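Q: I have the sequence and the model open. Could you walk me through the core and the sheets?

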Amino acid sequence: MSGPAENGTRSEDTLVAGMFDLHDVTSQTSYCFQKKSLEDKIWLGEKDHWIIITDKRCSLSIFNPISGAYVSLPSFTTIEGHQNCEYRTIRRVVLCQTPASTNGHLALALFDDGVLAITAKQYEVWRTFKH
């Protein structure tokens with residue numbers, strides 16, 4: 001647990017603990033799970049039980065908390081001009097296709113500087129769209 005906030009409440013430092021909370025809106029049930037390999041990871045996006053996670057060094061993977069499967073993605077440092085990437089500069093990552101899809105995963109990333117990038121199973125890097 002972290003120390004009390006300014007309003008006197010206490011909150012758990014879930015980033016360090018490797019904890020994630022999931023909520024099923026149809027059954028109104030919440031689940032909390034902790035996994036040692038998720039310590040210091042940041043949740044960027046999700047689709048169909050797959051979660052895109054990164055760390056402070058911009059190492060990326062897709063994780064399925066139900067099956068425990070991991071798929072590595074190229075680092076954001078493969079994008080020109082983002083070699084010193086920080087997770088704080090990532091505005092959004094959208095997983096368009098999961099690793100379970102026929103053609104494998106497909107993801108889009110949008111950064112604070114307006115760069116839009118794409119990666120897929122057959123790529124070894126993130127490719128940027130020119131604007």
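A: The largest nonpolar core has 19 residues, of which L44, I52, F76, F111 and W126 touch the most other members. Such a core is a set of buried Ala, Val, Leu, Ile, Met, Phe, Trp, Tyr and Cys residues joined through side-chain atoms within 4.5 Å, where buried means under 20% relative accessible area, exposed over 50% and partly exposed in between (1.4 Å probe, protein chains only).

Q: Which strands each supply at least two residues of this core?
A: Strand 3 (42–47), strand 4 (50–54), strand 5 (60–63), strand 7 and strand 8 (106–111) do. Strands are DSSP runs of E with at least two residues, numbered from the N terminus.

Q: What are the residue numbering and the pLDDT limits?
A: Residues are numbered from 1 along each chain as its sequence is written. This is a predicted model, in which local features need pLDDT of at least 70, side-chain atom pairs count only at pLDDT 80 or more, and totals for chains, interfaces and linings use all residues, while side-chain values use heavy atoms, without hydrogens and water.

Q: How many bridges join strand 3 and strand 4?
A: Five bridges, in the antiparallel sense. W43 stands opposite I53 in strand 4.

How values were computed
Helices (H or I, at least four residues) and strands (E, at least two) are DSSP runs, numbered from the N terminus. Two strands pair if DSSP finds at least two bridges between them.
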